[in-house]
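Keep the viewer at hand and follow along topic by topic.

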Amino acid sequence: MTTSTTPTTTALGPATARRRTPHVGTAPGRPRAESRTKITLYVLGGVLATLVFLVPLVWSVLRSFQPNDAIVATTPSWSALTQFTTENFRALFTGDADIVRAVGNSLVVAVGTAVLTAVLATLAGYGFGRFGFRGRNTLFGLIVVTMMVPFQAIITPLYLQMNAMGLTDSRLGLVLFYSTVNLPFGVFVMRNAFESIPTEIEDAAHVDGAGTMRTLVSVLRPLLLPGMATSALYAFLAAWTEFLGALTFLTDDRLYTLPLSLVNLQAGAYGAVNFGYLVAGAVVAMVPCVVLYVALQRFYVAGLASGAVKG
Amino acid sequence: MSAPGRAPVTAPTDAPVVTRSTGSGHDLTHPPRTGLLLTLPALAFVAVFVLVPLLFAVYMSFTNWPLIGSYEFIGFDNYAAIASDPVFWKSVGYTVLYTAIVTVPILVLGYVLAVVVRSNRRGSTLFRTVFFLPYVIGLTTLSFLMVLEAQPGSGAVNIVLKALGITDGTSAWLADGPLATGLICVMIVWAVSGLTMVLLMGGMQGISRDVYESAEIDGATWWQRERSITIPMLRPTIAMSLVISVIGSLLAFTQFYVLTRGGPSTDTQTVVMYVYQRGFVQLQLGAASALSIVLVVVIGLVTAVQFRLLREKD
């Protein structure tokens, strides 16, 4: 197969060359200048947009290393950016503001939610994706429909119910609640994951005498890990940043998750309002999201592809 | 979670579940009862934390439920009170205004970003990562960061506007209804367009290249191709991302709670804030439940529109 790529596309590497798969009659008719304009536009637009999205975030990180005085200075100067200090973080993690506990609460809740969501979604995905039982489509439909009941709308009765069950002011309560919110999406992803595995694999395991759970844990698990990672990642990020539910279900500030402890920082609950602490706290909340997303991006995008774009 | 959707972004599929030989019940590897058992835990969670509260809300909405103490049935009084409650209608008006302002910019910016990242050109993965970053960080954290950048004099918003000579840099963005609304709208468009981008990009990549190539042979310009191929073929995806973004906006809470607390007065109070206010500040749980039901119905209607738009594809 002879590929007749123009010099411009070759310069952009194999990815571009592949995109322009040879198509009889396309290359000669297309002026080279047009694709160069397109590429210039692409680079310019991309870089400009990158600045728009990245600069505010980088700015906030820089801010978190400035003393409060510099942050609130009404005559800002460039020299403020050179007053590098880790004081905000030190105060947060050792001083009165003590968000260590909040970080710990958030971690426990987010990890718990991620694990529980992934486990429940995997079991349900197995059931819906592989087994034929009466009412399967109805029950699956039920789960999909609950996705459309926004928890924001039923927060009042939910509070009373959680309270009656002893699940308010409880990290376990938050885990159960967040898992439910993330469950429909996870079930959807996991059902698709099971449907993409050939039945022969299970049949072989069955012939070898493995039961349902044994097959799931020993034989199918490696094939399911990407889907489980997707469900867990979404659940973790959602739980880590969730606000309204935590605000409603927690009143004891020793149980506060990180977003709620930021309210305390904002209100100056630990003395005078200190914007240095607030921005540092927000950066602490931001970092795990960025790290997890960048590291596990393929699962994130896979999730959107398998969940959403399937119309 | 309360803004253009951290909510799970999944298209409700009305395509029937693929029926395999497993459906017959003769499949020894997949006994039906085991299948039902496997789904039970998930169903139990959904029943306990969604369906029961929903039914409970309907029940409560016909009572004058206080936080503590006994209650009595008051029929449709809560609903009647909502209909004539000026604060409720103000919050409805404000939420609709907010939704109306942000929806189109989110779609347009998301579309433009998707056009940038959809090709497999060098750097498109990096661009995609960066454009999606604010959405991943989430509105809660971004709202707290905005608190200090909106301060008169010292906030970045004022520094930039002053440097550009647009304002004198002393605007108190959060103390003024229209200013706060404008600021929050800009922040939201910036923060959530990445989601629309990813959704549309997925749809765009699903369109066969052949269609474009034949259009190119026919000499169609870029915009002609976009208008006559991409947009029509993308219609279901566009509809879905619109609905996700509209529902998210209608349920907005966090960014307003953190930045304005609904103020000044109730000028920037959204519907969900009002429900929260009635339920957990004024402790009128019956009234709050009635509001909840109204909200569920409205969101249900928006979703029904989504179903229709998606179905028209077939």
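Which residues touch the most other members of the largest nonpolar core? In this predicted model, they are Leu278(A), Ala42(B) and Met197(B), within a core of 170 residues.

- Ala42(B) makes contacts with chain A: leaving out residues up to four places away in sequence, Ala42(B) touches Leu120(A), Ala121(A), Leu123(A), Ala124(A), Ile143(A), Leu183(A) and Val187(A).

**Where the two chains meet**
- On the chain B side, 96 residues are in contact with 99 residues of chain A.
- Helix H1 of chain B (residues 32–60) gives the largest share of the chain B side, namely 19 residues.
- Sorted by class, that side of chain B holds 58 nonpolar, 32 polar and six charged residues.

**A closer look at Leu216(A)**
- Leu216(A) sits in helix H12 of chain A, which covers residues 212–241.
- Is Leu216(A) buried or exposed? It counts as buried, because Leu216(A) has 20 C-beta neighbours inside 10 Å and the cut-off for a buried residue is 20 or more.
- Setting aside neighbours within four places in sequence, Leu216(A) is in contact with Tyr126(A) and Arg221(A).
- Glu202(A) is 14 residues from Leu216(A) in sequence, and their C-alpha atoms are 8.7 Å apart in space.

Note on methods. Residues numbered from 1 in each chain as written. Chains lettered and ligands numbered in written order. Predicted model: local features only at pLDDT ≥ 70, side-chain atom pairs only at ≥ 80, totals over all residues. Contact = placed C-beta atoms within 7 Å. Helix = DSSP H or I, 4+ residues; strand = E, 2+ residues; numbered from the N terminus. Nonpolar A, V, L, I, M, F, W, Y, C, P; charged D, E, K, R; others polar. Buried ≥ 20, exposed ≤ 12 C-beta atoms within 10 Å, placed from the backbone. Core = buried A, V, L, I, M, F, W, Y, C linked by C-beta atoms within 7 Å.
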